[in-house]
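Please look through the structure shown below before reading on.

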Amino acid sequence: MRGIGARAAKSFWADAWDRVRARPGAVFGIVWISIMGFFAVFAPLLANAHPILMEQLAADGSVEARSFPLISNLTPTDWLLMAGAIFGLPWVFFGPAALGRSLRIAVLAALLAQGGATIVLSQVFVWTSEGSSLPWLRAWARLDAGPWPLIALAGLLSAVVAVAVPIILSPRRRVLAVAVVAAASSALVWATGAPTIVNHEKILLDESAGRIRAVWTLIPWSPEYTRSDLVAQAPGTQVSEVLHLDGFRGTPFGARRTWLGTDALGGDVLAQLLWACRLSISIGLVSTGISVLIGVTIGALMGYFGGWVDLLLYRVVEIFMAVPTLFVLIVAAGVLPRNTYVMMAIIGIFSWTGAARFTRAEFLRIRQMDFVQAAQATGLPVRSVLMRHMLPNGVTPVLVDTSFAIAAAITIEATLSFLGLGPDGQASWGKMLSSATAATGTFVWWLAVFPGLAIFLSVLSYNLLGEAMRDAIDPKLRKAAH
Amino acid sequence: MATYLIRRLLLMIPTVLGITLMVFLIVALAPGGIGAGLAVQGGQMSDTSKVAQMQAYMEDRYGLNDPVVVQYGRWIARVCPVRFGTTSLESPSGERIAVPRELPEPPMQWAFPAPAAFEVTFTPQSGDALVVEFRTLQRDAEGRRRNYVGLVRAFKDALADYVRVLGAPWTERLDPKGGADPQKFRDLPHRHSAAPKGAAAAWAKVNAAAAQMHQAWSLAEEARQRATIAFAARPFPPAGIEVIRDVVSIDSPDFGVAFSRNRPVWDLIKTALPVTMLINLIAFPIIYLVAVPTGVLASIRRGGVADIASGFLFLLLYSVPVVLAGVFAIGFLANNQYLGWFPVSGLHDSAEATMTFLPHTDSFGVWQRGWLLDTIWHLALPVLCLVYGGFAVLSKQTRASMLDNFNADYVRTARAKGVPRKDIVISHVLRNSLLPLITMFVGIFPAMLGGSVVVERIFTIPGMGSLVIEAINLRDRELILANTFMISSVSLLALLLADILYALCDPRVAYE
């Protein structure tokens with residue numbers, strides 16, 4: 001650093017981040033999103049109907065056998081998320097300064113995405129090949145040791161795609177990192193296999209009779225664990241108050257409480273609330289990612305090439321803008337399979353017009369600027385001009401808008417789930433909300449208030465964050481404020 | 001202006017086509033395809049062979065076996081106001097009667113030769129007798145066609161049974177494409193003494209099914225030709241305006257019949273669309289009346305209490321999803337467990353028919369609220385749920401465009417001239433800031449149409465939203481497509497209206 005009192009200029013994003021952090025609303029939003037993220041990652045350890053530790057007791061009270069049902073029932077996604085949170089986040093915050101934090105964030109996001117892609121792809125492969133007409137493919141999908149050829153193929157495919165993403169510039173390091181993630185995630189999918197079927201009722205009865213000793217999680221309920229004898233109980237109800245005829249009085253199960261009540265099927269509301277964070281966050285992030293990807297690509301093409309490309313693609317944008325989005329989404333979600341991935345895809349596919357228009361306007365402006373003209377005059381290939389020179393300078397307005405897009409995606413997910421068109425077998429705030437007004441005409445307030453508050457706070461957080469980001473980055477507004 | 005209007009209207013056509021094609025493809029992508037709902041309907045019957053025949057009939061009637069693009073083309077041809085080919089007729093009840101369709105040929109004619117084609121000639125009656133005759137012939141043709149299509153399916157099933165009985169070593173010699181020598185195919189089980197047991201019996205069944213099918217074909221073909229001849233004699237007047245007889249005609253769109261309700265789709269839409277439009281048309285002025293003054297106030301006292309408070313409050317409201325507001329409204333305000341101030345569902349009271357229009361006191365001295373107040377009372381909560389979300393968007397936009405204009409040169413000039421501040425705000429700034437608000441309509445309207453789906457569902461209002469959700473649950477293709485078509489048309493027309501208003505309000509804009 002030269003000169004006395006000279007300070008290095010802050011980078012654009014660091015400056016924007018400081019401006020965002022100065023707003024109390026944005027801080028509130030970040031805090032709530034972090035809480036949601038924490039629940040989304042650690043929900044299996046916080047709310048689970050499987051005991052952490054289960055000890056079979058002999059007649060004399062000695063321990064015969066030990067098992068860990070919770071650990072053995074974790075899915076590959078659970079492991080991946082927890083590994084990312086426990087090892088990845090500290091690395092991002094306290095990792096080597098030489099790499100730079102934004103680079104570390106990008107690397108972590110890319111590696112997590114690669115691991116996630118491996119898991120999703122292997123599930124999709126196994127699922128499609130089980131119904132295949134080729135006998136050898138079906139046999140692969142049903143291998144005793146897990147369908148390892150399909151899993152390996154999924155790992156390989158996502159690794160090939162990940163290697164092409166230029167986040168780590170050194171090729172050797174990039175290949176190494178990608179290969180490690182591919183091997184680890186494939187091994188994870190292979191090792192976890194299919195979940196074992198656990199008879200919850202037997203565990204509870206055995207525990208009450210003193211045949212086993214179990215250590216439970218903080219909230220010993222799973223979202224999918226429902227008891228028909230605990231339907232629509234008010235918050236704070238103790239199990240023994242309802243099931244006083246059975247032999248549960250004075251047992252650990254009888255002493256349990258449903259802190260936020262139970263739903264119309266007899267599932268715990270608190271457990272579902274925590275697990276649903278995962279659906280909400282993932283749908284918000286992934287569908288917005290899809291829409292930004294589509295929007296930026298199309299917008300960049302329109303803005304860069306102009307002419308008839310612009311004319312043609314803008315007609316497509318106009319069609320998508322005139323579509324009553326929610327209406328078409330309802331049709332799509334209604335007739336397509338009720339699946340999380342399908343829902344992410346359709347929300348992304350129908351909400352990219354904003355990103356496309358922002359990118360188009362920005363690219364039309366940048367195209368005339370000196371540095372782009374210079375890049376073109378040097379004879380750089382179109383790919384380089386677009387990706388290296390124009391994209392980093394033209395993508396800011398889109399990124400500012402992502403926060404609002406995530407809020408909108410969360411709202412859409414809640415709405416579709418409310419209408420009964422959400423993903424099957426997944427805890428969802430919208431689904432809980434819809435059971436608040438039961439067919440019998442009674443209104444169950446705890447099914448409306450708690451999930452409703454969760455939806456509201458999440459949407460509000462993203463909106464507050466978006467507002468703060470827009471104010472921090474938008475040069476026109478900033479100028480007007482001075 | 002006129003050229004602009006025509007150009008815009010013409011540009012709407014590809015947009016509507018694009019939207020409907022998209023929805024058609026989505027419905028076609030669904031597991032079970034477009035006919036999934038029909039298959040479900042058939043599945044409610046107990047007898048499996050009946051189910052298969054019912055399915056065959058449905059597939060034939062709705063053309064479900066054709067490629068998606070062909071089906072879409074057929075749908076477009078029905079909806080398009082310009083029709084080509086034989087003109088449809090219109091019965092006095094408004095029903096569209098198309099010319100009887102050609103019969104599909106019996107399958108596998110290389111192995112099972114069909115009866116020779118024949119030509120029926122007869123002279124139809126005239127006048128009222130023709131109507132009766134045509135109706136009879138039409139019913140006859142439809143019934144026989146149905147019988148024939150069912151028997152084709154039965155024949156194919158019998159053939160599949162036969163192939164299954166034969167087992168792998170025998171069926172390998174058969175060429176399913178039809179290239180094999182018919183004689184060889186027919187004699188197969190009889191020539192080989194080692195053929196599996198039951199093959200001869202299965203073969204006999206195939207032959208019997210083929211014979212039945214051919215007989216049904218002859219009957220159906222004869223009935224079809226008779227019905228066609230009677231149709232050509234025009235028992236009813238042609239539908240729409242006939243430009244060239246049996247070549248080109250102009251007619252209103254035909255949305256088909258909703259098979260889940262067995263009623264013309266247009267009837268259903270005709271009752272549902274006004275309800276949705278009513279809710280939206282009430283909601284719009286409310287949004288503008290609340291949001292615009294708030295935005296103006298916020299911009300005048302920029303950074304003041306009103307500005308910050310309204311911005312924060314509207315952001316809070318904006319973050320409340322419609323589903324949440326609806327559930328809270330119906331639970332706490334409408335449900336009798338809590339306040340119970342508003343009705344829980346519907347658009348009118350059950351005693352609607354006996355109500356007078358305006359409130360009055362009846363002969364017993366009891367106050368009756370009347371139809372108008374009753375409707376308002378029923379609409380209060382749904383409209384409330386629709387409006388609050390638009391406040392934030394619109395007031396923010398008003399405030400931003402007001403602030404933009406406050407910085408403009410002409411405002412500075414006006415100030416320098418000594419124009420009173422009140423006049424500057426109202427006749428200079430506000431007047432010029434209202435223009436972008438017209439375009440805001442473009443952004444809000446499609447979103448509100450979507451939002452009214454949810455509101456209608458929560459408050460059980462029989463509008464377009466309830467209709468589309470029902471259509472989706474029953475996989476009623478005609479209803480889904482017609483709904484999308486109508487909603488996107490309404491939405492596009494609203495956008496066009498916004499553009500015209502813009503041109504009328506802003507003298508600088510000239511669409512030529």
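How many of the five residues of β2(A) are buried? The count is zero, so that strand is hardly covered, where a residue is called buried if 20 or more other C-beta atoms lie within 10 Å of its own, exposed if 12 or fewer, and partly exposed in between, with C-beta atoms placed from the backbone. This is a predicted model, in which local features need pLDDT of at least 70 and side-chain atom pairs count only at pLDDT 80 or more, while totals for chains, interfaces and linings use all residues. Residues are numbered from 1 along each chain as its sequence is written, and chains are lettered from A and ligands numbered from 1 in the order in which they are written.

**Confidence**

- The model scores ipTM 0.82 and pTM 0.83.
- For chain B the mean pLDDT, which is the predictor's confidence in each residue from 0 to 100, is 79, and 88% of the residues of this chain reach 70 or more.
- Over residues 175–182 of chain B, pLDDT stays under 50, and the model has seven contacts for them beyond four places in sequence, a contact being two residues whose C-beta atoms, placed from the backbone, lie within 7 Å.
- Where pLDDT is low, the predicted coordinates should not be read in detail.

**A sheet in chain A**

- Three strands of chain A form an open sheet in the order β2-β1-β3, with antiparallel pairing; two strands pair if DSSP finds at least two bridges between them.
- Because β2 (63–67) and β3 (212–215) of chain A stand at the edges with a single partner strand each, one side of each is left without a neighbour in the sheet.
- Strand β1 (residues 53–57) of chain A is joined to β2(A) by four bridges, and the two run antiparallel, with A:Leu57 standing opposite A:Val63 in β2(A).
- The hairpin of β1(A) and β2(A) has five residues between the strands, and in this hairpin A:Gly61 takes a positive phi near 95°.

**Two packed helices in chain A**

- Helices α19(A) and α21(A) pack at an angle of about 170°, with their axes 9 Å apart; axes are lines fitted to C-alpha atoms, for helices over the stretch in contact, and angles run from 0 to 180 degrees between N-to-C directions.
- These two helices, α19(A) and α21(A), are therefore roughly antiparallel to each other, a label used for angles over 145 degrees.
- Their contact has twelve nonpolar, six polar and one charged residues, where Ala, Val, Leu, Ile, Met, Phe, Trp, Tyr, Cys and Pro count as nonpolar, Asp, Glu, Lys and Arg as charged, and the others, Gly among them, as polar.
- Among the residues that meet are A:Phe404 and A:Ile410 in α19(A), and A:Tyr462 and A:Met469 in α21(A).

**Where the chains touch**

- The contact between the chains takes 38 residues from chain A and 43 residues from chain B.
- On the side of chain A that touches chain B, the elements giving two or more residues include α19 (396–418) and α21 (445–473) of chain A.
- The residues of this side of chain A divide into 26 nonpolar, nine polar and three charged.
- B:Leu449, which lies in helix α14 (residues 421–458) of chain B, touches residues of both chains, including A:Pro324, A:Phe327 and B:Ile487.
- With 23 other C-beta atoms within 10 Å, B:Leu449 is buried.

**Inside chain B**

- Chain B has 16 helices and nine strands, and 33% of its 512 residues count as buried.
- Helix α11 (residues 322–334) of chain B is largely enclosed by the rest of the structure, because eleven of its 13 residues are buried, among them B:Val322, B:Phe328 and B:Ala334.

**Positive phi in chain B**

- Most residues other than glycine have a negative phi, and most peptide bonds are trans.
- B:Arg234, in the loop between α8 (199–232) and β4 (241–244) of chain B, has a positive phi near 60° and is partly exposed, with 14 other C-beta atoms within 10 Å.
- B:Thr460, in the loop between α14 and α15 (464–473) of chain B, has a positive phi near 40° and is exposed, with 12 other C-beta atoms within 10 Å.

Definitions and conventions
Angles under 35 degrees count as roughly parallel, over 145 as roughly antiparallel, 65 to 115 as roughly perpendicular and the rest as oblique.
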